[in-house]
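Please look through the sequence and the three-dimensional picture before reading on. The paragraphs below then take up a few parts in turn.

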Amino acid sequence: MRGEYKVPGGKLVAVDVEVQDGRLRDVHLSGDFFLEPDSALEDINAALDGMPQDAGVEQLAHAIEVALADDVRLVGFTPEAVGIAVRRALGHATSWEDHTFDVIHGPTLHPAMHVALDQVIPEEVAAGRRGPTMRIWEWDAPLVVIGSFQSVKNEVDLEGLARHDMMVVRRISGGGAMFMEPGNCLTYSLVVPGSLVEGLSFERSYAYLDDWVLGALAEVGVNARYVPLNDIASEHGKIGGAAQKRFASGVVLHHVTMSYDIDADKMLEVLRIGREKMSDKGTKSANKRVDPMRSQTGMAREAIIDAFIAHFTGRYRSRMSEFTPEELARAEELVRTKFLDDAWTYRVP
């Protein structure tokens, strides 16, 4: 059995392995990484030989770390990367190539519907009624979306919110507030089985799931990089941020919002953002616009979205899809009973 794992920003790790009597046997590590001294390759193979076939990534990585001398240097990969490759070889972890993704760039909806769909689509994926999904939001009204654990009064200026005829909705994932007017940012949600990030820490899973969009940004002329824990930035400052929710069903929701062209004055009237926090958002003055996507690409938002979809579908096995009537009906129910209900919105006052 063979498993492969490409380290984000690093090298490819491949493991060939057999299983006998519940133990790993005949383990062979290979890849385009660097390893000094080269004799350490056999030490890694030997460390894995005899490990239980149900050993997790952490247990496999620990066995490698114990076996290696202090002077061994792993460049472009880690013991955890080897563990992930082993788990993939055994069928416990999956790679992008193991899945066919539904790609949805659907109709313009009320923004609260998109927050609800971030609960509905994971339910559908977990139930097997839909495959892993990448969807891009289109919405028709201004909105502040706050993280699951944020305080409304600490994050939102309610007078400013009312003055600009905006509403606040709490999402199911953690992270910070999103200032969203139609056309001012680009948001996508990625729903994947937990097996795709099996063995990855939260931080590494962010980098892994954001890797495709860094390639898409490069194609539209933005030299972007991942900044731990959950930011995407260019040399001109922060472009966007990600958030995740891991469900008991084993499904992972990963969504990203990137600034296209935001009115920073209005944002500061609505959100309680100090200048310290503004310092990494692509502007030094509240009188400037936060427009990293527009200014760095010179492209219309619609053209960037088309480029992103082309990159994703060219990189991974995909099919264009649409929301089902049942999904939209379930989202409408959740908007009514949860996401526009004060009990949920103000659960953290």
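The model is predicted, and local features need pLDDT of at least 70, side-chain atom pairs count only at pLDDT 80 or more, while totals for chains, interfaces and linings use all residues. Residues are numbered from 1 along each chain as its sequence is written, and side-chain values use heavy atoms, with hydrogens and water left out.

We can begin with strand 15, which covers residues 251-259; here helices (H or I, at least four residues) and strands (E, at least two) are DSSP runs, numbered from the N terminus. Is strand 15 mostly covered or mostly uncovered? Strand 15 is mostly covered, since nine of its nine residues are buried, where buried means under 20% relative accessible area, exposed means over 50%, and partly exposed is in between, with a 1.4 Å probe and protein chains only. In a regular strand the side chains alternate between the two faces of the sheet. In strand 15 both faces are covered, with Val251, Leu253, His255, Thr257 and Ser259 buried on one side, and Val252, His254, Val256 and Met258 buried on the other.

Strands of a sheet pair through backbone hydrogen bonds, either parallel or antiparallel, and two strands are counted as paired if DSSP finds at least two bridges between them. Strand 15 pairs with strand 11 (residues 185-193) in the antiparallel sense over nine bridges, and within this pairing tyrosine 188 stands opposite valine 256. Strand 14 (residues 237-246) also pairs with strand 15 in the antiparallel sense, over seven bridges, and glutamine 244 has histidine 254 of strand 15 as its bridge partner. Four residues lie between the strands in the hairpin of strand 14 and strand 15, where glycine 250 takes a positive phi near 100°.

Another sheet is open, and its three strands follow the order 9-8-10 with mixed pairing. Strand 9 (167-170) and strand 10 (178-180) stand at its edges, each with a single partner strand, so one side of each is left without a neighbour in the sheet. From one strand to the next, the twist averages 25°. Strand 8 (residues 143-146) and strand 9 run parallel and are joined by four bridges, with leucine 143 standing opposite methionine 167.

Turning to the helices, helix 7 (residues 202-219) and helix 11 (residues 301-315) pack at an angle of about 125°, with their axes 9 Å apart; axes are lines fitted to C-alpha atoms, for helices over the stretch in contact, and angles run from 0 to 180 degrees between N-to-C directions. The two helices, helix 7 and helix 11, are therefore oblique to each other, because angles under 35 degrees count as roughly parallel, over 145 as roughly antiparallel, 65 to 115 as roughly perpendicular and the rest as oblique. Among the residues that meet are Trp212 and Leu217 in helix 7 and Phe308 and Phe312 in helix 11, where contact means heavy atoms within 4.5 Å.

Finally, two single residues can be set side by side. Glutamate 124, found in helix 4 (residues 111-127), is buried with a relative accessible area of 13%, and leaving aside its neighbours within four places in sequence, glutamate 124 is in contact with Arg129, Arg130 and Glu327. Arginine 330 lies in helix 12 (residues 325-339) and is partly exposed, with a relative accessible area of 28%. Not counting residues up to four places away in sequence, arginine 330 touches Gln119, Val120 and Glu123.
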